[in-house]
Amino acid sequence: MNNYQLGLIMNSCISVIGVVGVFIITSLAGMFSLGQAAFMTISAYFTFILAKTLGLPILLTAVMGIAASALCAYIIAVPTLKLRKDYFALITMGFGEMMSSIVIMLEKYTNGSIGYSRIPKVKPVFWIIIGLTAFVIFFAWSLKRSRFGRMCIALKTDETAAKSFGVDVYRLKIRIFVIGSCISALAGILYGLKNRVITPDGFSWNLSAEMQIFLFFGGTNSLTGAAIAGFMLKLIPETLRTVKLFGVSLQEFRTVIYCILILLVINFRPNGMLGEKEFSIRTLAGLFRRKEARNGK
Amino acid sequence: MENSRLVLRCNDICMDFGGVKAVDHFSMAVSPSTTTGLIGPNGAGKTTIFNVFSRIYRQTSGSLELDGVNVDNRGQVEVARMGLTRTFQNIRLFSGLSVLDNVKVSLDHSAGYNMLDAVLHLPSRQREERRIGQRALDTLKLLKLDQYAQSHATSLPYGLQRRVEIARALVTEPKVLLLDEPAAGLNPEEVFQLVDFLKQIRELYPQLALLVIEHRMDLIMSLCDCLYVQNFGRTIAQGKPAQVQCDPVVLAAYLGEE
Amino acid sequence: MWLQLSINGICLGAVYALIAVGFAIVFSVLKFSNFAHGGMISACAFMGYFFQASFKKAPPIWVTILFTAFCGVLFALFLDQIAYRSIRRNKSPNIYYFLASLTISIIITSILNVFFSKNPLAYPPLFETTTFSIGALKISKMDTMILIISAALLAALLLLINKTKIGLAIRAVAISPETSKLMGINSSMILIMIFSIAGFLSGVSGVLLGCKYGVYPDLGQTMMVKGFIASVIGGLGSLGGAIAAAFLLGLLEMFWTYVFGSLSTPVMTFVVMLLFLFIRPQGISGKFAKEKV
């Protein structure tokens with residue numbers, strides 16, 4: 001594989017990590033966050049600026065960056081998650097807008113809208129990204145299959161009923177939001193490592209929205225669907241870069257195309273492409289059996 | 001004196017909704033091992049009383065004690081963990097989960113492993129998952145629902161869903177179980193099965209205090225030891241079923257003034 | 001100086017109020033956050049611009065506003081058909097409304113971005129001199145026009161909601177759609193009304209914002225956040241609260257900008273909103289949108 005192809009795969013993997021972060025928040029616990037890009041911003045800038053100015057190893061500053069994101073998520077969650085879901089969506093969105101302007105405001109450190117590019121080169125970045133993607137997917141899968149996942153699905157379908165069975169909805173939501181934001185934060189750092197430059201535009205509101213769109217396209221309750229959608233919807237438009245429509249590269253139209261896909265999904269397949277299905281050996285075996293049965297006839 | 005210990009007790013509970021008194025000075029005392037019925041016409045405030053008991057609403061005035069502990073300032077989650085569970089008038093199972101998982105949710109808050117154990121698949125996770133899985137399955141077996149354990153909860157017929165909902169509430173072995181119109185929406189055959197089912201529960205969980213809201217007199221009469229009759233938020237009669245049945249005030253409320 | 005700032009703040013507040021109300025009216029009746037409002041505003045700003053540009057001699061501004069408002073109504077009804085109708089029909093959870101309205105907002109913004117991101121457009125100047133003065137005060141003519149138009153519109157809207165039969169029906173549906181259906185209120189009629197009002201408001205605010213800030217794809221998105229913040233501070237779903245909060249926000253922003261500069265204002269508005277949620281989550285109006293038990 002050449003560098004270009006490796007780059008595409010890395011981008012897609014980072015997209016998967018971002019979407020899995022949103023999956024935990026939105027699909028498990030039913031909170032519609034529109035500010036996940038903001039957590040990517042916080043951790044990425046934190047990590048690389050600290051690494052540069054204090055000369056600390058990047059692994060340490062990455063942990064600090066993620067911790068900073070987690071703290072911000074906690075502060076937002078405490079007043080907001082007691083209220084109606086709409087507040088959460090609006091506040092996370094406001095938070096995203098605020099983060100972009102903070103980056104511009106602190107131009108002295110962040111280099112403003114031009115972008116911060118003093119990011120050290122990390123050698124095995126490809127394998128780091130692949131490894132972390134696998135880890136994050138495993139993490140989310142384990143979480144979904146644990147008691148926390150069950151309680152989340154319960155509170156998502158019926159908050160009042162969940163409370164009546166001892167699920168501490170408020171606390172669980174806060175924890176889930178913080179964890180999901182940590183994963184977004186991780187995606188932000190990897191994005192910086194891969195591209196060697198971070199700009200406020202790169203982490204705009206559109207990115208937060210794009211991740212939600214990927215998620216719903218793949219399937220509202222399916223981690224498999226979310227991961228596949230996160231990967232493919234990032235990859236396909238990149239490979240179609242040279243195709244033109246109305247004299248404009250198809251790449252430019254990608255958001256429009258995503259949106260049309262989502263409108264189709266909402267209208268015709270409201271649970272996303274995979275709905276609640278998950279990949280497992282058992283479903284695969286089930287598919288085979290069905291095929292055999294059909295052949296047997 | 002063990003028998004006279006009260007598991008649920010409320011004094012002069014009132015509940016206002018913007019000037020409308022949904023519950024007006026309601027008092028009640030419930031001992032373990034009893035079945036109490038709450039009857040009355042629509043809009044008499046029965047469900048509101050249940051909602052106050054399970055802390056979905058905070059009462060406007062009055063006090064509420066659960067197992068000797070004042071719970072006026074406790075929330076829904078806390079009273080649930082203290083041993084008060086309920087079912088809902090319109091069945092509210094968690095649609096994304098299987099029957100077994102629905103029952104497990106009740107136990108999940110008590111499972112002894114944290115998020116780190118969960119994502120790293122540490123032994124404590126395995127052990128606790130096995131424990132609550134077994135306990136949930138035992139309850140389902142006890143209530144003869146184990147054959148549906150893996151089915152999608154909301155794809156079952158209505159009567160079965162109702163029983164799963166009761167199983168979900170029973171799995172923690174609560175002290176008080178509130179049943180809000182368990183026969184609502186069931187056909188006669190299913191009602192018949194439900195009565196049997198509730199009698200079974202009575203035997204299987206001897207310490208349990210059961211509170212039932214119901215419209216169907218046959219069901220109430222065959223189950224309850226004690227009845228409270230509500231009308232327009234007030235208690236108009238209380239006592240043994242046979243006694244209440246021929247109370248003229250009750251007859252008037254049900255059949256209209258003559 | 002204070003007086004000057006206050007006047008500017010009120011004018012800014014009027015802009016925010018127009019946006020906040022367009023958002024709040026959908027929320028108060030349909031109980032979902034209409035993120036599409038920002039995209040609508042952008043789209044209307046462009047429509048107004050091209051309408052005006054299609055004439056040799058630009059028509060008076062009120063013609064443009066009316067035309068755009070009309071387009072806004074049609075556009076809003078069209079969006080309802082393609083995005084929200086099936087959600088209502090399937091009775092899908094609220095989160096789908098978030099997703100659908102978000103999608104609409106993005107699709108509009110990105111279509112506009114593909115074609116018009118290169119060079120920002122601007123309405124031809126409306127006035128030969130931009131300000132007039134009363135004593136030492138300098139007042140922008142544009143701001144005055146915006147203030148007058150939005151004050152008139154808001155007053156008309158409040159009258160419509162509070163004093164007419166249609167308004168009564170709208171309020172009834174806002175409180176309980178089921179009960180109002182039983183009382184013989186045609187809820188699909190009300191739905192059309194609500195989207196028309198929201199579309200109308202986005203049309204008007206699109207043109208006015210376009211005049212004030214220039215026409216660019218992200219115009220609506222940027223301004224919409226202010227509208228959201230105003231309606232959260234005002235108490236979600238309350239029109240009066242949203243208007244009051246919008247003016248408050250306008251004033252606050254003007255004074256803050258004067259003292260601390262404009263770079264930090266987004267941070268300030270966000271922190272104010274968060275503080276409000278900490279201290280008084282029911283907002284200025286005291287009305288509190290809760291999820292149904």
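**Reading a helix pair and a chain contact**

Mentor: This model is predicted. Start with helix H4 (residues 85-105) of chain A and helix H11 (residues 265-279) of chain C, which pack at an angle of about 150 degrees with their axes 8 Å apart.

Trainee: How are two packed helices described?

Mentor: By the angle between their axes and the distance between the axes. Angles over 145 degrees count as roughly antiparallel. H4(A) and H11(C) are therefore roughly antiparallel to each other. Their crossing is left-handed.

Trainee: Which residues make the contact of H4(A) and H11(C)?

Mentor: From H4(A), they include A:Tyr87, A:Ile91, A:Phe95 and A:Met98. From H11(C), they include C:Val267, C:Phe270 and C:Leu274. The residues of this contact divide into twelve nonpolar, two polar and no charged.

Trainee: Now the two chains. How many residues does the contact take from chain A and from chain C?

Mentor: Chain A gives 48 residues and chain C gives 49 residues. Between them, the chains bury about 4,400 Å², with 77% of it on carbon and sulfur atoms. On the chain A side, A:Arg84, A:Tyr87 and A:Leu90 lose the most area to chain C, together 17% of what that side buries.

Trainee: How many salt bridges are there between chain A and chain C?

Mentor: Side chains of opposite charge can pair when their charged atoms come close. Between chain A and chain C, the count is zero salt bridges. Over all chains, the count comes to 21.

Trainee: What does A:Arg150 form a salt bridge with?

Mentor: B:Glu129. The closest N and O atoms of this pair are 3.0 Å apart. The pair crosses between chains, from helix H7 (residues 147-157) of chain A to helix H5 (residues 123-142) of chain B.

Key: Residues are numbered from 1 along each chain as its sequence is written. Chains are lettered from A and ligands numbered from 1 in the order in which they are written. This is a predicted model: local features need pLDDT of at least 70, side-chain atom pairs count only at pLDDT 80 or more; totals for chains, interfaces and linings use all residues. Side-chain values use heavy atoms; hydrogens and water are left out. Axes are lines fitted to C-alpha atoms, for helices over the stretch in contact, and angles run from 0 to 180 degrees between N-to-C directions. Helices (H or I, at least four residues) and strands (E, at least two) are DSSP runs, numbered from the N terminus. Angles under 35 degrees count as roughly parallel, over 145 as roughly antiparallel, 65 to 115 as roughly perpendicular and the rest as oblique. A crossing is left-handed if the near helix is turned anticlockwise from the far one by less than a right angle, and right-handed if clockwise. Contact means heavy atoms within 4.5 Å. Ala, Val, Leu, Ile, Met, Phe, Trp, Tyr, Cys and Pro count as nonpolar, Asp, Glu, Lys and Arg as charged, and the others, Gly among them, as polar. Buried area is the accessible area (1.4 Å probe) that two parts lose on being put together, summed over both. A salt bridge is a side-chain nitrogen of Lys or Arg within 4 Å of a carboxyl oxygen of Asp or Glu.
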